[in-house]
Amino acid sequence: MFYWFMKTFVLGPVLRLLFRPWVKGLDNVPAEGAAILASNHLSFSDSIFMPVMVPRPVAFLAKSEYFTGTGIKGRLTAAFFRLTNQLPMDRSGGAASAQSLNAGMDVLKKGSLLGIYPEGTRSPDGRLYRGKVGVARLALQARVPVIPVAMIGTDKVQPIGKRVPNIRRIGMIFGEPLDFSRYYGMEDDRLIQRSVTDEIMYELMRLSGQEYVDEYAAVVKLRLAGKAQDAAPDKTPAGPDAVQDAAAGNTPNEAPNTAPPETPNEAAAGDAGPEVPGPS
């Protein structure tokens, strides 16, 4: 009820009026049945704009820290995330992350829409980064289509670290559903997981027009945080999110679609799956 009320009477009308979002391919989102909406991730506001424009409710996996805050602000944040169809996601890797992905599986088993950011964190510079294999694992286990979603211009509306958004037009493109039925029954194969993920990322690159970087965004954030700390050791690094996000991934070397076997550590990073960040 809260989700419907906010979307219909509060956030929806305000966002449509101020940001005048344009949308292409919305008819690619199925009117019923389970599906994964796999999106590029440029800004925190992605998690607001996309659900507003999709007629059906969309559940997102959000990092678990937003559900465990203390004090009045922490409790209000946790309540808001729960009431807006967001689910806690443990990004520490391994068994904890795999268990968190089960929450996403439950959403799909109910025939609902699940929103995922395959990059695992927001892009630090507007480019598209290597996807984690959690999205492939979910798509193959649940046997559902994946709709690639390209968010356009949201990084200009609310760049990382900016709390008050800029008022300007944004857009989104919903691509044709990707069918991975040819891989059903092979969801535990690391080569298949990587191949499926790379195919999703290729579609996101094609729809968004972003430059692709064959590296985890989390690793880049950690490197940037280290450079910032070296340049100004007496100042706070790029932020805790950068370090925490980077801990969820490991540096890969393979190019898209070549799909060499992943190391156990890289597999754990992939299991860490998607993230929906909250307020910076």
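## Charges over a ring

This is a predicted model. Start by selecting Arg130 and Tyr216: Arg130 lies over the face of Tyr216, 5.4 Å from the ring centre.

## Aromatic pairs

Turn now to rings that pair with other rings. Searching the whole structure gives four aromatic pairs. One of them is Phe5 with Phe9, a tilted pair with 5.7 Å centre to centre and 45° between the planes. To see where they sit, select helix α1, residues 2–19: both Phe5 and Phe9 lie in this helix, four residues apart, which is about one turn of the helix.

Phe5 has 41% relative accessibility and counts as partly exposed. Phe9, at 52% relative accessibility, counts as exposed.

Now move to Phe60 and Tyr117, an aromatic pair that is stacked, with 5.6 Å centre to centre and 20° between the planes. Phe60 is in strand β3 (residues 58–63), while Tyr117 is in the loop between β5 (113–116) and β6 (128–129), so this pair ties together parts that are 57 residues apart in sequence. Are these two residues, Phe60 and Tyr117, buried or exposed? Both Phe60 and Tyr117 are buried.

## Last stop

Trp4, Phe5 and Phe9 together form one aromatic cluster.

Conventions:
Residues numbered from 1 in each chain as written. Predicted model: local features only at pLDDT ≥ 70, side-chain atom pairs only at ≥ 80, totals over all residues. Heavy atoms only, no water. Phe/Tyr/Trp six-rings, centres within 6.5 Å; stacked < 30°, edge-to-face > 60°. Helix = DSSP H or I, 4+ residues; strand = E, 2+ residues; numbered from the N terminus. Buried < 20%, exposed > 50% of the residue type's maximum accessible area, 1.4 Å probe, protein only. Lys NZ or Arg CZ within 6 Å of the ring centre and 35° of its normal.
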